[in-house]
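Subject: Structure handover

Hello,

Here is the structure I promised to pass on. Please look it over first, then read the notes below.

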Amino acid sequence: MNEQAEESKRHPKHVEVHVQDIKEAEKVTFSESITATLAQVWDKSYVELKIARRAKDVFQTAGHHPKSLMGDLGLTLEQARDQGVITDYRFSIASETGGA
Amino acid sequence: MAQINESPAIDPAAGAAALEEDLPRVLRMLGATSIEELGWSRPNKLTLLIPISGVHQGNTDDYLLRLGFHAYRTWPPSAQFVNPETLSYSYPQDQHFVPQLTSGECRTHVAYPHGTNKIQLICCSATLEFYEIKHNVAQEHLWSETNNFWTTVNAIKRAMASFYQGPFPKHGQ
């Protein structure tokens with residue numbers, strides 16, 4: 001394996017992204033460049049899920065402790081990973097709720 | 001669709017049917033084939049028990065969320081944190097089984113006035129109790145019957161991830 005291939009394996013330019021849409025209870029997986037912003041990943045999620053964006057949708061991490069990414073949408077996947085904003089490439093689209 | 005200032009209508013048969021419909025969809029989305037795989041249990045047709053944890057000051061605390069589906073899906077599920085031994089909630093002795101959540105989208109109260117009673121309130125537009133007490137709510141946050149119970153669990157989990165302040169103190173302490 002040449003040096004470039006090894007580098008590519010260590011730091012892939014594309015990653016597999018998993019997105020759940022909670023309202024529709026659907027999920028999708030697609031490949032995305034690590035230089036794509038979270039906003040771009042969110043936008044592409046609607047296309048891949050074949051659903052329309054709804055008012056009050058929220059983009060968040062998936063998993064046991066989902067965190068809103070609405071303040072980090074300008075970060076690329078790579079930046080979000082390196083800054084510890086995300087720990088993997090699993091996301092979900094949820095609805096904002098009211099309360100308090 | 002839920003309406004502002006309308007009292008939730010109880011319809012256990014519809015609630016059980018809606019849960020039967022939604023459970024496989026939610027399990028599939030979560031990549032699971034059974035509720036047991038996720039640590040959940042369903043003691044009866046209208047109840048789901050879902051463990052939820054929170055981390056505060058380095059400590060992980062475990063809670064048990066009980067969802068009730070007697071008015072579902074026109075209305076959201078009832079949501080209460082319960083004593084894991086009794087699977088119920090009695091104030092004040094069980095208040096330490098409730099996490100302190102202080103999110104603007106989801107806040108917990110261990111004894112919220114409701115008529116002549118005091119109830120546990122997970123103050124969030126995705127819980128039935130929120131409508132039972134006729135809490136103010138913006139039109140865009142009203143529960144829609146196109147939602148499912150994971151909307152409720154997710155709202156609570158999101159508050160747990162970022163706005164968890166530890167458990168309410170044990171009664172008498």
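A salt bridge here is a side-chain nitrogen of Lys or Arg within 4 Å of a carboxyl oxygen of Asp or Glu. Two notes on reading the model come next. This is a predicted model, in which local features need pLDDT of at least 70, side-chain atom pairs count only at pLDDT 80 or more, and totals for chains, interfaces and linings use all residues. Residues are numbered from 1 along each chain as its sequence is written, chains are lettered from A and ligands numbered from 1 in the order in which they are written, and side-chain values use heavy atoms, with hydrogens and water left out.

Salt bridges

The search of the whole structure gives 12 salt bridges over all chains. One of them joins Arg81(A) and Asp82(A), at 3.1 Å from N to O. Arg81(A) is partly exposed at 31% relative accessible area, and Asp82(A) is exposed at 56%. (Buried means under 20% relative accessible area, exposed over 50%, partly exposed in between, with a 1.4 Å probe and protein chains only.)

In chain B, Glu20(B) pairs with Arg42(B) at 2.9 Å, N to O. This pair links distant parts of the chain: Glu20(B) sits in helix H1, Arg42(B) in strand E1, 22 residues apart. (Helices, H or I with at least four residues, and strands, E with at least two, are DSSP runs numbered from the N terminus.) Both residues are partly exposed, Glu20(B) at 44% and Arg42(B) at 24%.

Asp22(B) bridges to Arg73(B), with the closest N and O atoms 2.9 Å apart. Asp22(B) is in helix H1 of chain B and Arg73(B) is in the loop between strands E3 (59-68) and E4 (78-81), so the pair ties together parts 51 residues apart in sequence. Asp22(B) is buried at 0%. Arg73(B) is buried too, at 17%. A network of salt bridges links Glu21(B), Asp22(B), Arg25(B) and Arg73(B).

Where the chains meet

Chain B gives 32 residues to the contact and chain A gives 23. (Contact means heavy atoms within 4.5 Å.) The two chains bury about 2300 Å² between them, 51% of it on carbon and sulfur atoms. (Buried area is the accessible area, 1.4 Å probe, that two parts lose on being put together, summed over both.) On the chain B side, Met29(B), His141(B) and Arg158(B) lose the most area to chain A, together 27% of what that side buries.

The rule finds 1 salt bridge across this interface. Lys56(A) and Glu140(B) meet in a salt bridge at 3.9 Å, N to O. Helix H1 (12-30), strand E2 (47-56) and helix H3 (149-163) of chain B each supply at least two residues of the side that touches chain A. The largest share, 8 residues, comes from H3(B).

Cysteines

How many disulfides are there over all chains? The search finds 0. (A disulfide is a pair of cysteine sulfur atoms within 2.5 Å.) For Cys123(B), the nearest cysteine sulfur is that of Cys124(B), 8.0 Å away. Cys123(B) is buried, at 0% relative accessible area. Cys124(B) is in no disulfide either; the nearest cysteine sulfur, that of Cys106(B), is 4.7 Å away. Cys124(B) also counts as buried, at 0%.

Best wishes
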